[in-house]
Amino acid sequence: MAPGSTPAPAPALQARDIHKSYGRHSVLRGADLTVAPGRLVAVVGENGAGKSTLLKILAGTLSVDSGEVTLTGTFGYCPQDPVLNAALTVEQHLRYFAAAHRLPGLDRGRELVRLLGYERYAQSVAGELSGGTRQKLNLTLALLHDPDVLLLDEPYQGFDWETYLRFWDLVDDLRTRGKAVVIITHMVFEQNRFDLLADLDDGRLTPRTASMEEHHVDA
Amino acid sequence: MSTPDAPELRPRYGQFSTALRFSVRDQTRNRLAGLLLVLFVPLWYLVMDAMASGETLDFKLYATGEVLHVDGGHLTLISAGLNSVTMIAGFVVFDAVRKALAFDRRLVFAGYRQSTLIGAKTLAIAAVATAIALYTALAVLFFWRPTTSGWCAVLAAFAVIALTYGALGLLLGVLVKRDLEGFFLIIMGGLMDTFLQNPLGNPLANKPILEWFPSFGPMQFAAGGAFGHTALWGHLALGLVWAASFSAVGLVIFRVRTRNRTRTPHPAEGALLPAR
């Protein structure tokens, strides 16, 4: 940092020089990513570019060969394929995860259900929900404890247009409140919604705007 | 440690009670298993009773060395009951555990204490297995009226075999990749195990090799209580050893497979770990 410059806020999520190989197949070769609080970053990569690997590493469910991931605050993760219990209702899912996070109540959960517009399914079991509604519940569970850092894997897959817009309202609210959001996707529709787009290519993350520091993605 | 002046921040839902309630719900929603219980159990009893009643069979009690001459129909009803229980308890638990595995992993990742989840799941399995055993033991009364102590012995044997196969269901549920493998192992395993114990048309019955099967203890206990008027507690305990062993292995694998593999604790990452 240059002397005299304003100190940047501590990053909410920082990945430094991440390397990961499966056997002789090298997937990540020095990927860097820094996300400040209140920022929204898209990690964009084609199928097979290593998105899932990077995501698991950021989520902490996969170990790195070398490099370091640091995270400040609470963490929420929304998997691409909804991980739900087909036998439990929407409301019961909220209760189960409220117990997991030791939350004092279901207020935030019910608010999210309302914001995503599926409150009429509150008493339906997950096994009978449509794909889009399952995805909404999947997202709700990741947001239930109002995490400081949020990692979303293809979150708007299966959303209709109205839900897609509601989703962005929700993300805007999170950013306003200083939450860091990383969206992993193979396709970006509206680039201007993001603070930064980082392309995952050849095992590294490259910012889509040319002015950024080489191979180091900051937001 | 919670501060006494902040009661509004206390968790509203206890982890143990929530997990227990939803695990029981998870295991009782299996409609096919319910249908098997209601229709298959009486039908199986009817067929087995018709096949074997009237015949006298020799059944060896290993604890005393005594050979009992028993009504083949009654003995076969015990075998049929044990067999139904192995299949239904194994199937119910296997199906529920396997389907919930990824979800349980997500719960642990979200901060569920693993030991709490495991404890609640185990208790739910025990409760469901015992209920299956109770129903199966009550259904036998339509075909056979043993003495009260005899019926209690049959019930105890059914309960132990239900726990054993419930535990096997748990073990297979966290171990095998596909439904079919688990169902096959439970159905074939249960069928071989329970019917090899019965001398009806089985030359292997009363041979020492049977001691190495999970239903050996419960079958000995049930026959001893119903026909020999003895309570072979050691044999009942042997059945429980099988149940405990299956569940111990199953729970260790469950623990590994739902483990939160987050990076090593670091001051900045404290919040990533389940909050205390």
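In which sense do strand E1 (residues 13-22) of chain A and E4(A) pair, and over how many bridges? Select both strands in this predicted model: the pairing is antiparallel and runs over five bridges. To see one of the paired positions, display Leu13(A), whose bridge partner in E4(A) is Leu71(A).

**The three-stranded sheet of chain A**

The strands form an open sheet of three, in the order E2-E1-E4 (chain A), with antiparallel pairing. Strand E2 (25-35) and strand E4 (66-71) of chain A are the edge strands, and each of them pairs on one side only. Viewed along the sheet, neighbouring strands are turned by 20° against each other on average, with direction ignored. Now select helix H1 (residues 51-59) of chain A, which packs on this sheet and touches E1, E2 and E4 of chain A. The direction of this helix makes about 130° with that of E1(A).

**Strand E3 of chain A**

Move to strand E3 (residues 40-44) of chain A. Is this strand enclosed or open to the outside? Five of its five residues are buried, so E3(A) is largely enclosed by the rest of the structure. In a regular strand, side chains alternate between the two faces of the sheet. Display the side chains here: Leu40(A), Ala42(A) and Val44(A) point one way from E3(A), while Val41(A) and Val43(A) point the other way.

Then select the strands that pair with E3(A). Strand E7 (residues 180-185) of chain A pairs with E3(A) in the parallel sense over five bridges, and strand E8 (residues 196-201) of chain A also pairs with E3(A) in the parallel sense, over four bridges.

**The contact between the chains**

Show both chains together. Their contact takes 31 residues from chain B and 27 residues from chain A. On the side of chain B that touches chain A, helix H1 (15-27) and H3 of chain B each supply at least two residues. H3(B) gives the most to this side, with six residues. By type, the residues on the chain B side divide into 14 nonpolar, six polar and 11 charged.

**Two helices of chain B**

The axes of helix H3 (residues 72-109) and helix H5 (residues 148-175) of chain B come within 7 Å and cross at roughly 30°. That angle makes H3(B) roughly parallel to H5(B). The crossing of H3(B) and H5(B) is right-handed, and the residues of their contact divide into 20 nonpolar, six polar and one charged.

Notes: Residues are numbered from 1 along each chain as its sequence is written. Chains are lettered from A and ligands numbered from 1 in the order in which they are written. This is a predicted model: local features need pLDDT of at least 70, side-chain atom pairs count only at pLDDT 80 or more; totals for chains, interfaces and linings use all residues. Axes are lines fitted to C-alpha atoms, for helices over the stretch in contact, and angles run from 0 to 180 degrees between N-to-C directions. Angles under 35 degrees count as roughly parallel, over 145 as roughly antiparallel, 65 to 115 as roughly perpendicular and the rest as oblique. A crossing is left-handed if the near helix is turned anticlockwise from the far one by less than a right angle, and right-handed if clockwise. Ala, Val, Leu, Ile, Met, Phe, Trp, Tyr, Cys and Pro count as nonpolar, Asp, Glu, Lys and Arg as charged, and the others, Gly among them, as polar. A residue is buried if 20 or more other C-beta atoms lie within 10 Å of its own, exposed if 12 or fewer, and partly exposed in between; C-beta atoms are placed from the backbone. Two strands pair if DSSP finds at least two bridges between them. Two residues are in contact if their C-beta atoms, placed from the backbone, lie within 7 Å.
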